[in-house]
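Thanks for coming. I will take a few minutes to walk through one structure, starting with its overall layout and then going to the details.

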There are 2 protein chains.
Amino acid sequence: MSEKNLRIVLAARPAGWVDPSNFRLEETPVPVPGEGEVLVRVRWLSLDPYMRGRMNEGRSYAARVELGEVMVGGTLGEVVASRHPGFAAGELVVGHLGWQRFGVAPAKALMKVPDPRLPETAWLGAAGMPGVTAWMGFREIGGLVAGQTVVVSSASGAVGSVAGQLAKIAGCRAVGIAGGAAKCDYVTKELGFDACVDYKAGPVHESLKAACPGGIDVYFDNVAGEILEAVLRRVNARARIALCGLISGYNGEDIPIRNVFSLLVNRVRLQGFIVSDRMDLWPEAIRELAGHVGAGRIRYRETITEGLESAPASLVALLKGENFGKRLVRVS
Amino acid sequence: MSEKNLRIVLAARPAGWVDPSNFRLEETPVPVPGEGEVLVRVRWLSLDPYMRGRMNEGRSYAARVELGEVMVGGTLGEVVASRHPGFAAGELVVGHLGWQRFGVAPAKALMKVPDPRLPETAWLGAAGMPGVTAWMGFREIGGLVAGQTVVVSSASGAVGSVAGQLAKIAGCRAVGIAGGAAKCDYVTKELGFDACVDYKAGPVHESLKAACPGGIDVYFDNVAGEILEAVLRRVNARARIALCGLISGYNGEDIPIRNVFSLLVNRVRLQGFIVSDRMDLWPEAIRELAGHVGAGRIRYRETITEGLESAPASLVALLKGENFGKRLVRVS
């Protein structure tokens, strides 16, 4: 193969906001698969908020990326060469090959696309890790009960959009929180949430009060910070808060939770979770999500940038909230 | 009956710390039981931190005490007259007759002392509401796993002392947090905790680090505030925090939770609970606790003041941490 691999490595750890200069583009030989491994040409790279944590020096819930290492990331690609009997050239596989054009992985770290009828990018979005994250937060912590009110922050994002639609499918009242009228319109009109609070338009706790006249039973939290505080002012007894992300604190800011008294008085369950802790539940989650996507019950939007080189700036935009739906890079 | 009832009513709501002037002593006729009711002469009044919340104007997890109403409280007393076939004069009953010498209650709101062999005050302490609170925090949230490390704040108090001993019985490492060397000595030497951190002796997070070399798996939290923050710096993955009380915030101070990132990274479950939410579990809890008390596996200490008139100052002392074990008032 005369083709070269193109990859992006972590060049420097960010201090505060991520900057494209934290990354470096490299040209290297295409890797060669060993026994039991598969060589994949990446078509799509998924960009997700968790990546910010991996760039830090300190411990996160998963190993950090070392300087000079290829940046981590979920990918969808095509098998180019296989040294495992379970995979053949031409098959589409989901994996974690990172920010590069070609990657090698052991067969067990790859999943064949389960259903060719879905758009292939769905396996990185609503029927992939972000969708499973939404599903898991309800399964493990939130619990969806018909008639209850479920609030979702980052409601127009890859995880939040699925979370709200799962809540609707379960017969809940779904209330989104998003930044700006365009996102809020999308959340209510296209995704079918019952209401959406524009956190840029005024005090969140007042808008939440109006949007949740019966209080809040479940909060799927992608941001923590002030919005979590506002939610704690409106929670019902025995409310559940699934703490999925802390976009408001990924850069190291201290984002204390106030209204602690509400946690006690209302017997709130606040729990962090990581979607990869329960890999045993993924097949069930993906089956269910793919069914919803295929039937049009879960809809999504994508923001796509072209070429691996676009990944750094696209991640910065994602982390700054300039995002709509699932953010993807078309690699090849 | 020529005897008079003596009772203490809420005279004014506290602004910040409770003051004895918030209460008023009254002499009234002894109440007369109606059909299905029982008249009880109170022997013992239990003083507990939750009382602070009931004195506030705002909503708490239970109805507030109105101005002029008898202050609420758990009691142990003797049946004086019964208009219910299930109770007879002379029997000892646990109930919620409040801060008064005589009280009337419907039969269903009273529990006969289940075992005459235990000291009667145990039914207001280790084998009563405080003990059940400790038991419930582990049953509903904490989960005791042999070999794990359990930290308990207010470790010398009525709830904390039982919590730590239940942890030891379950085969856990129990680490207390208490104020001062005398309390810490009691916690380790008399109650059998493995270690006790004196929060008055230095930075709590450093002492906690030394006392919990393997990290913290369960935190039974009676205080919130800074100690909770210190615990969040030491929690292990999948730690559970049972939020039982907020002594540090009962006066309305804002006590934010910092180290929120730890909640996510470590998938911590932080949950408030109220012991009265699961009344269905009380019989099991009391049976188990009474067994431990009877067998000497759970030990306790009491701070007793004499006479109903002593209750206001005694509650103030309790809330200020000048407390050792279970605080009781000998009413008659």
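What follows is a short tour of domains, chain contact, sheet and helix pairs. Please keep in mind that this is a predicted model.

Let me begin with the domains of chain A. Chain A is split into domain 1, which covers 4-119 + 301-330, and domain 2, which covers 129-276. Between the C-alpha centres of domain 1 and domain 2 of chain A there are 28 Å. The two domains do touch: domain 1 of chain A gives 15 residues to the contact and domain 2 of chain A gives 14 residues. On the domain 1 side of that contact, the classes come out as five nonpolar, six polar and four charged residues.

Staying in chain A, there is some strand pairing to point out. Strand 4, residues 75-82, and strand 5, residues 92-95, of chain A run antiparallel and are joined by four bridges. One pair to look for there is Leu76(A), whose bridge partner in strand 5 is Val94(A). Strand 5 of chain A also pairs with strand 7, residues 111-112, of chain A, again in the antiparallel sense, over two bridges. In that pairing, Val93(A) has Lys112(A) of strand 7 as its bridge partner.

Next, the contact between the chains. How many residues does the contact take from chain B and from chain A? It takes 26 residues from chain B and 26 residues from chain A. On the chain B side, the elements that contribute two or more residues are helix 7, residues 260-265, and strand 13, residues 269-272. Helix 7 of chain B supplies the largest share of that side, five residues. By class, the chain B side has 16 nonpolar, five polar and five charged residues.

Strand 13 of chain A, residues 269-272, pairs with strand 13 of chain B in the antiparallel sense, over three bridges.

Which strands form it, and in what order? There are 12 strands in an open sheet with mixed pairing, and the order is 10(A)-9(A)-8(A)-11(A)-12(A)-13(A)-13(B)-12(B)-11(B)-8(B)-9(B)-10(B). At the edges are strand 10 (195-198) of chain A and strand 10 (195-198) of chain B, each pairing on one side only. From one strand to the next, the twist averages 15°.

Two helices on the sheet are worth a look. Helix 4 of chain A, residues 181-190, packs on the sheet and touches strand 9 (173-178) and strand 10 of chain A. The direction of helix 4 makes about 165° with that of strand 10 of chain A. In chain B, helix 5, residues 204-211, lies across strand 9 and strand 10 and runs at about 170° to strand 10 of chain B. Within the chain B part of the sheet, strand 8, residues 149-153, and strand 9, residues 173-178, pair in the parallel sense over five bridges. There, Val150(B) is opposite Ala174(B) of strand 9.

Last, the helix pairs. In chain A, helix 2 (residues 129-142) and helix 3 (residues 158-169) have axes that come within 8 Å and cross at roughly 50°. That angle is why helix 2 of chain A is called oblique to helix 3 of chain A. The crossing of these two helices is right-handed. Helix 2 of chain A contributes residues including Trp135(A) and Phe138(A), and helix 3 of chain A contributes residues including Val162(A) and Leu166(A). The contact of helix 2 with helix 3 of chain A has nine nonpolar, three polar and no charged residues.

The other pair in chain A is helix 5 (residues 204-211) with helix 6 (residues 225-232), packed at an angle of about 45° with axes 9 Å apart. Helix 5 and helix 6 of chain A are therefore oblique to each other, and their crossing is right-handed. Val204(A), His205(A) and Leu208(A) of helix 5 meet Glu226(A), Ile227(A), Ala230(A) and Val231(A) of helix 6. Those residues divide into five nonpolar, one polar and one charged.

In chain B, the axes of helix 2 (residues 129-142) and helix 3 (residues 158-169) come within 8 Å and cross at roughly 50°. The crossing of helix 2 and helix 3 of chain B is right-handed.

Methods
Residues numbered from 1 in each chain as written. Chains lettered and ligands numbered in written order. Predicted model: local features only at pLDDT ≥ 70, side-chain atom pairs only at ≥ 80, totals over all residues. Axes fitted to C-alpha atoms, helices over the stretch in contact; angles between N-to-C directions. Parallel < 35°, antiparallel > 145°, perpendicular 65-115°, else oblique. Left-handed = near helix turned anticlockwise from the far one by under 90°. Contact = placed C-beta atoms within 7 Å. Nonpolar A, V, L, I, M, F, W, Y, C, P; charged D, E, K, R; others polar. Domains from an automatic or database assignment. Pairing = 2+ DSSP bridges.
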